[in-house]
Amino acid sequence: MGADLVPDDLWERVAPLLPPAPEQRHRYPGRLRVPDRAALAGVMYVLRTGVAWRDVPAEMVGCSGVTAWRRLRDWAEAGVWPRLHAALLTELRHADLLDLDHCAVDGSHVRALKGGDHVGPSPVDRARPGSKHHLIVDRRGTPLAVRLTGGNRHDVTQLLPLLDAVPPIRGLRGRPRRKPRHLYADRGYDFDKYRRMLWKRGIKPMIARRGVAHGSGLGKVRWVVERAFVWLHQFKRLRIRYERRADLHQSLLELACSLICLRRLRTVR
């Protein structure tokens, strides 16, 4: 079961990014360290099924939920997941599977049952504690960057941080790409201040106007970010935020984005 949760093509990309294991003591070695691949299988099990960490079936996965949580914490602190995502985006660009000329942004609310950092009263869920996932995708819906904020944060406040979170994407000759030429967004981003900021960055804002009848045609491109949220929330652990630590939920978001990118790469084989 553990090998099924961590296929070879995923492990080949993750393994070089993991920090080295601490040296084993010789006199009193204690328990043998759980292999990293088994720990990653535990993380993947929680991400896909949404079960609590304590309910991870150790016999099936090869790792207890507590060990998987600790390893996720250590890997988050080591910056593994942003590097994995950037490496996969580079592979996609090299395979001509990224369209960075046209990108779209949006936000999505999720409930936060246990509180913690980046939690606020949700304006769409009776002010219950919640968080927001903010996502920027390319023309095909491939996730380029994802951010976590409190549920009361306005989408437009994360527009520039999302752009800054896009890593330098290599894969072709010349300078790495970090920004789109056109950026599509819904009426929630309709602020002239942010339009001017995008123009200064060399990005053409394609943002729907408030108070204007529907039918602008921007939805023909913008719908891909809504589909990307569907892909993201197919990972059941992301539908509701259970992690009190924001960095751990952010890590699961980045891992899910990497899995979506890897799924896209598999289509060309």
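## Helix packing, a strand crossover and a buried cysteine

Helix α5 (residues 65–77) packs against helix α10 (residues 246–266) at an angle of about 85°, and their axes lie 10 Å apart. That angle makes α5 roughly perpendicular to α10. This is a predicted model, so every value here comes from computed coordinates.

Let's look at who meets whom. From α5 come Trp69, Leu72, Arg73 and Ala76, and they meet Asp247, Leu248, Ser251 and Leu252 of α10. Sorted by class, the contact of α5 with α10 has five nonpolar, one polar and two charged residues.

Now to the strands. Strand β5 and strand β6 run parallel and are joined by four bridges, with Tyr184 standing opposite Met206 in β6. To get from β5 to β6, the chain passes through helix α8, and this β-α-β crossover is right-handed.

| Element | Residues |
|---|---|
| Strand β5 | residues 182–185 |
| Helix α8 | residues 192–200 |
| Strand β6 | residues 204–207 |

Is Cys103, at 2% relative accessibility, buried or exposed? Cys103 counts as buried, because its 2% falls under the 20% cut-off. This residue is found in strand β1 (residues 102–112). Leaving aside neighbours within four places in sequence, Cys103 is in contact with Ile136, Val137, Asp138, Leu144, Pro180, His182, Leu183 and Tyr184. Tyr184, one of these contacts of Cys103, is the residue that stands opposite Met206. Val224 is 121 residues from Cys103 along the chain, yet their C-alpha atoms are separated by 9.1 Å.

Notes:
Residues are numbered from 1 along each chain as its sequence is written. This is a predicted model: local features need pLDDT of at least 70, side-chain atom pairs count only at pLDDT 80 or more; totals for chains, interfaces and linings use all residues. Side-chain values use heavy atoms; hydrogens and water are left out. Axes are lines fitted to C-alpha atoms, for helices over the stretch in contact, and angles run from 0 to 180 degrees between N-to-C directions. Helices (H or I, at least four residues) and strands (E, at least two) are DSSP runs, numbered from the N terminus. Angles under 35 degrees count as roughly parallel, over 145 as roughly antiparallel, 65 to 115 as roughly perpendicular and the rest as oblique. Contact means heavy atoms within 4.5 Å. Ala, Val, Leu, Ile, Met, Phe, Trp, Tyr, Cys and Pro count as nonpolar, Asp, Glu, Lys and Arg as charged, and the others, Gly among them, as polar. Two strands pair if DSSP finds at least two bridges between them. A crossover is right-handed if, with the strands pointing away from the viewer, the path from the first strand over the helix to the second runs clockwise. Buried means under 20% relative accessible area, exposed over 50%, partly exposed in between (1.4 Å probe, protein chains only).
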